[in-house]
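Biologist: Please give me a close look at one part of this structure. Start with how the chain is held together, then go down to single residues and packing.

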Amino acid sequence: MDSRSCGQLSADMAKMPMNGTQEEYPKDSFDRFGDDLCEVILSYLSFEDCFRFECLSKQWQRSVFTSRHIFSVSDIMPKKSQFNEITDNGWKALESVVKKWTHITDIHIDIDSQDMERVFEILMNSYKHLKTIDVRFKPRIDVQIIDRIVCKYGSLLTAISLPPSGCEDVLELSLTKLRQLSGEYCDEMWSTIVTENNELLFKNLTQFRVLYSLSDWHRLTPFVDHYKNSLKSLSIRIDRLETSAAYILLFKQLSRMKALRELNIQMIPIINPKTLETVVDYHCKDLVNRWSHLKRYQLVLCCKTDPHFSRLYESVCRMKRLQRLDFFDSVDTHLPHIESLKITSRLEITPTIVAIVEKLPHLKCFDWVNNTRKYDDSDDSTSSDEYTSDVSVIV
Amino acid sequence: MNGEYSLDTTEGMAASGDPPTNNAVDDYDAEEALERQREEENKIKIKLKSFEGGVYECGLTAAKMSVMVANMLDALQETDLTKIATREPIPLQNDAVTNKALEKIVEWVDHHWDDPPIDPDFDDEKERRNEELSHWDKQFIDIADQGELFDIIAAANFMDIKGLVEVGAKHICNKIKGKSCTEVREMLKIHNDFTPEEEAAIHKENEWIYAKD
């Protein structure tokens, strides 16, 4: 075995084509890079820079558009007048993009007007090999636009987000076309996803965002039955439920969803202190043990007292796989995988809290109240000092 | 208070009978074990040899961030990893891998070897691409000598260290952001191989970028 030495191996490697370095170019010239590497580098250019720098050299012209696969329309057409109309320049931009960005496989588009509907049509006619089509309809959009788009392209869409309620009657028919949906579905109304006969409209979702109220109870069971082993991300807003029992039944159903990796729970504030106490108690004693598979967790629950806060926080710390926690109060235990921590509270940041946050080994982003501070976790003490000073600025 | 919800727990709920997340717990143990193994392996040091002949030591897990090095090590079929440490240095046969470049590359992988791997559970490519470089990476890649910077990027590309190529790429794209074509050509020493007519034609196609509306 030892007869194959490193020397021989690297001789083999040397025969492989070398990317980049060629003798005729000076070392500090970008021209030394081969097309492959050039494409990778230029894929990080901003949208506008792509077009501005196309004329730098023939290599740039060849490379600058080829490694683009994702097209986020909102990044590209922000220049709209106040009437939601796209300017002439916007149309020219679109024409250029469609002509030059020929490798697009993913489209993300926010639709809020007839003009955006046209943009979407143009994209659908231009790109025939799309893998992801993510359409977000914005609030106050004309329901007829949604209806037209869903009727015509519904079978192709992979993710959709509908505006809050009020349109389910108009859309009843067209929504049945959305059977290909595999990404995110987002709607305020359960009735559009679970029919009267408790049949599910979409069977392949991986992400779902919804509002839950007491009247949705009978719809929850078929939903969980179908999705317990497949849904990865759930975002649920819980309307005020009458009794603590109703909350606990809901949680029990949700904890059957073993494939979940991301869960966002937002509760409309619970007023009855006894109900709140029971919900907190159940969360701490039972729920977190059933949710040890979660990697991202958000809990928005309005608590009035400190004991609630610290008990909830302590219980969350038993969810060892967490990478992201979006929470409400005191940081006091070590979560080994946390990369992003968001805390919404009116508490003061004490030195103790700072010390604890600094101990989190993978923390990259720390968000306190509304002040976002990128916290770079590095071994040298300089960044910790910087961070501490940031905190004092917030306080 | 306990009574209040124990009333409902028996109410025909399949949920309460489910075993608590055994799979997930196993997964977690496996991940933990893998992490410990990576930590142990990184204590084994291997030697890398630059194109200019300089030899640099590097943790095994860190060195494997280079897909090329990882493949070479796999090809050795060495089951006793500690033997790798006593081997002759692995030569890196590309003129971009200078002493300086290799020294910097070893510094980078030594800092990043324990980065959490990309999680297949979340499709974050869009987010990751737009993420700003960390403070450490910014300081690392801010290299005054452009020849040296380009050596590192070309060497990282040759050694197939995706993360480091990305750091270099983001750095270059940040530096030229919003600059004029003439400025960028001068900065990156790019030879303009278009005729004035060709260049004007491209410029005209992309005119809309410069329009203010």
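Modeller: Take contacts in chain B between residues at least 6 apart in sequence: 64% of them join residues at least 24 apart. Keep in mind that this is a predicted model. Chain B is built from 13 helices and three strands. It has 213 residues, and 44% of them are buried. Its accessible surface comes to about 11,400 Å². Carbon and sulfur atoms account for 50% of that surface.

Now go into the helices of chain B. Helix H5 of chain B covers residues 67-76. Its buried residues are Met68(B), Val69(B), Ala70(B), Met72(B), Leu73(B) and Leu76(B). An α-helix has 3.6 residues a turn, so residues three or four places apart point the same way. Just after H5(B) comes Gln77(B), with a positive phi of about 50°.

Move on to helix H7 of chain B, residues 99-112. His112(B) lies in this helix. Is His112(B) buried or exposed? Its relative accessibility is 7%, so His112(B) counts as buried; the cut-off for buried is under 20%. What does His112(B) touch, leaving out residues up to four places away in sequence? The partners are Met65(B), Trp136(B) and Asp137(B).

Cys38(A) sits in helix H2 of chain A, residues 35-42. Its relative accessibility is 0%, so Cys38(A) counts as buried. Not counting residues up to four places away in sequence, Cys38(A) touches Phe30(A), Gln59(A) and Ser63(A). Arg62(A) is 24 residues from Cys38(A) along the chain. The C-alpha atoms of these two residues are separated by 9.5 Å.

Last, a helix pair in chain A. Two packed helices are described by the angle between their axes and the distance between the axes. Here the pair is helix H11 of chain A, residues 244-254, and helix H12 of chain A, residues 273-290. Their axes come within 9 Å and cross at roughly 25°. That angle makes H11(A) roughly parallel to H12(A), because angles under 35 degrees count as roughly parallel. The crossing of H11(A) and H12(A) is right-handed. From H11(A), the contact uses Ser244(A), Tyr247(A), Ile248(A), Phe251(A) and Lys252(A). From H12(A), it uses Thr275(A), Thr278(A), Val279(A), Tyr282(A) and Leu287(A). By class, the contact of H11(A) with H12(A) has six nonpolar, three polar and one charged residues.

Methods:
Residues numbered from 1 in each chain as written. Chains lettered and ligands numbered in written order. Predicted model: local features only at pLDDT ≥ 70, side-chain atom pairs only at ≥ 80, totals over all residues. Heavy atoms only, no water. Axes fitted to C-alpha atoms, helices over the stretch in contact; angles between N-to-C directions. Helix = DSSP H or I, 4+ residues; strand = E, 2+ residues; numbered from the N terminus. Parallel < 35°, antiparallel > 145°, perpendicular 65-115°, else oblique. Left-handed = near helix turned anticlockwise from the far one by under 90°. Contact = heavy atoms within 4.5 Å. Nonpolar A, V, L, I, M, F, W, Y, C, P; charged D, E, K, R; others polar. Buried < 20%, exposed > 50% of the residue type's maximum accessible area, 1.4 Å probe, protein only. Areas by Shrake-Rupley, 256 points an atom, 1.4 Å probe, with all protein chains shown as cover.
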